[in-house]
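Please keep the sequence and the model at hand while reading.

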Amino acid sequence: MPTANGTAGDAAHALTFDSVKEYYGKVLAKSSDLKTNACCTAEAMPDRVKRALAKVHDDVLIKYYGCGIVAPDELFGKRVLDLGCGSGRDVYGTLPAACAVLSTSHRTDVIVTTSALKVLAQFVGETGECVGVDMTDAQLEVARGTEEWHRERFGYAQKNTRFVTGYIERLDELELEAGSFDVIVSNCVLNLSPDKQSVLAQVFKLLKPGGELFFSDVYASRRVPKALQQDEVLWGECISGALYWNDFERLAQKVGFADPRLVKAAPITVNNLELERKVAHIRFVSATYRLFKLPGLLEPDCEDYGQAVIYKGTILEHPQEWALDDHHTMQKGKVFPVCGNTWHMVYSTRFREHFEFIGNFDTHFGIYEGCGRTSKLFPDGASAVCAPGCC
C-alpha cells in the first residue's frame, strides 16, 4: 500500500486496482450504497451547476461518488480532462449539493467523473472538449451509453465528450498528448490510487503551461497506518487511502506544482459507527485544491514585490467579486495587493483578461507579511496551508 510518498509496489498496485474495480463496479450500484459520508458533496451548489445538472441523464446521476464540486470558472472553448470520471456526471453535469446518508455515502472520480464530465461538457461548449478516464468498465458503460442522449439534450451538432479506459497512474499509455489540456479535474479519486505521485506527475505533463489541476479529495490529519490502508471497505469509501495533508503538498511541489492553493475544506464525520471506531484517532477533511502549472514562475514562498491586481467583474456569474482560493476574494474595481505567486496565477493563466495589473518584479520587499507554513485543513495545529493574512 502507499507510503508517505504515495507509492506502492506492483503487487500492491494490482490488489488495489482490483479492489477498487470490484467496489465501484459491483458493490456500489448507486450513490446510496455508500457506507460513509466521505464521498458526499455537502457544499452549496452554484446556480450554473444546478442548471447543468438538470440536463444530465438519470442513469448518470444515480452513480455519483464525490466529495466536492469540481466546476472551475472560465472553461468555454477549453480542453478538460476528468480523472476517474466514472459514469460521467461531472463531464455532463457537476455534483449534487448534498447526499442523504445515514449509514451510506458516495464518491466520484476525476480526470472527470461521468456526471461531472456531463456538466463540464456544457461549460466548455461545443467548441471545447471533455475527456474522461476511468478503469471501471461498468461506470464507463453508462457514460458512453448516454453520450448521444446528452449531445441532443445540449443541442450540439456533434458530441464534445470522449471516454477512455485506462489507469490514472498510466496516462502516458493512453492517446493523450502532453501539454494539451487547459484544465484537469478530479473528484475524490486521488485517494483511491496506490501511486499518487505518478498521478500528479502525469497530470503535470498533460497540462498546458498556465493550465491547472482543480480537484476535490480527502485528506488526513496524520499518516494512515498500513493496517487501515489494507481495509478494503475503508479504502473503497475514500478514507484509508487519504494522504496526510503535508505529504500531499510535498508531492505536489515535487512534481512541479510549486504553490498548492486551498479553495475550500470541510470536516468528514464518516457517519458509520463501526468504521468510526477504526479511524477514531485520525481526522479527515474533504478539500478542494487548485494546482497551477507555471514552471519557472512560482516561488516556494509568498514573496512581496509591491504588486496588486484589480478585478474587472467579467468572469461569468461573478459580477461583483471572484475568489481565487480561500484567502483571495477580489472585489470588482478594488485594488487588491498580491504576492508574486498570486500575480502569476491570474496574469499567466486563462484569467488574465479579467484583471488589471499594477507593478512588476523589479523590486523585492522580502517575504509577504503574514505568510505562514501551516495548513488550514486542521487549523488547531495538526495542519494548515497559509496563516491568516497570507497573501
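Which element gives the most residues to the lining of the largest pocket? Strand β11 does, with 5 residues. This is a predicted model, in which local features need pLDDT of at least 70 and side-chain atom pairs count only at pLDDT 80 or more, whereas totals for chains, interfaces and linings use all residues. Residues are numbered from 1 along each chain as its sequence is written, and side-chain values use heavy atoms, with hydrogens and water left out.

**Overall make-up**

The protein holds 13 helices and 14 strands, where helices (H or I, at least four residues) and strands (E, at least two) are DSSP runs numbered from the N terminus. Of its 391 residues, 60% count as buried; buried means under 20% relative accessible area, exposed over 50%, and partly exposed in between, with a 1.4 Å probe and protein chains only. Among contacts (heavy atoms within 4.5 Å) with a separation of 6 or more, 81% are between residues 24 or more positions apart.

**Pocket and cavities**

On a 1 Å grid over the protein atoms alone, a cavity is a set of points where a 1.4 Å probe fits but cannot get out, while a pocket is an open set with protein on both sides within 12 Å along at least five of seven lines; lining residues have an atom within 4 Å of a point. Grid points are joined across faces, edges and corners, and a volume is the space filled by probe spheres set on the points. For lining classes, Ala, Val, Leu, Ile, Met, Phe, Trp, Tyr, Cys and Pro count as nonpolar, Asp, Glu, Lys and Arg as charged, and the others, Gly among them, as polar.

The largest pocket has a volume of about 540 Å³, and of the 23 residues that line it, Pro 46, Ala 71, Asp 73, Lys 264 and His 318 are the closest to its centre. Two or more lining residues come from each of α2 (47–53), β8 (261–268), β9 and β11 (321–325). The structure also holds 4 cavities of 30 Å³ or more. In the second largest cavity, the residues closest to the centre, out of 11 in the lining, are Leu 83, Ser 186, Leu 190, Val 199 and Phe 215. Both α8 and β6 supply at least two residues of that lining, and the largest share, 3 residues, comes from α8.

| Space | Volume | Lining residues by class |
|---|---|---|
| Largest pocket | about 540 Å³ | 10 nonpolar, 3 polar, 10 charged |
| Second largest cavity | about 60 Å³ | 10 nonpolar, 1 polar, no charged |

**Nonpolar cores**

A nonpolar core is a set of buried Ala, Val, Leu, Ile, Met, Phe, Trp, Tyr and Cys residues joined through side-chain atoms within 4.5 Å. The largest one has 37 residues, of which Leu 81, Leu 176, Ile 184, Tyr 219, Tyr 289, Leu 291 and Leu 377 touch the most other members. Elements giving two or more residues to this core include β1 (79–83), β5 (181–187), α8 (196–206) and β6 (207–220). A second, separate core of 30 residues includes Ile 69, Leu 117, Val 119 and Leu 120.

Leu 117, Val 119 and Leu 120 are among the buried residues of α5. In helix α5 (residues 116–124), 9 of its 9 residues are buried, and the helix is followed by Gly 125, whose phi is positive, near 75°.

**Individual residues**

Asp 182 lies in strand β5 and counts as buried because its relative accessibility is 14%. Its side chain is joined to that of Lys 208 by a polar contact of 3.1 Å; such a contact is a pair of N or O atoms within 3.5 Å, where, within protein, one must be able to donate a hydrogen and the other to accept it, and residues adjacent in sequence count only if both atoms are side-chain atoms.

Ser 240, in the loop between α10 (232–236) and β7, is buried at 2% relative accessibility. A polar atom of the Ser 240 side chain lies 3.1 Å from the backbone oxygen of Leu 228, and the backbone nitrogen of Trp 235 lies 3.1 Å from a polar atom of that side chain.

Cys 188, in the loop between β5 and α8, has a phi near 60°, a positive value in a residue other than glycine, and is buried with a relative accessible area of 0%. Glu 74 also has a positive phi, near 60°, and lies in the loop between α3 (58–61) and β1.
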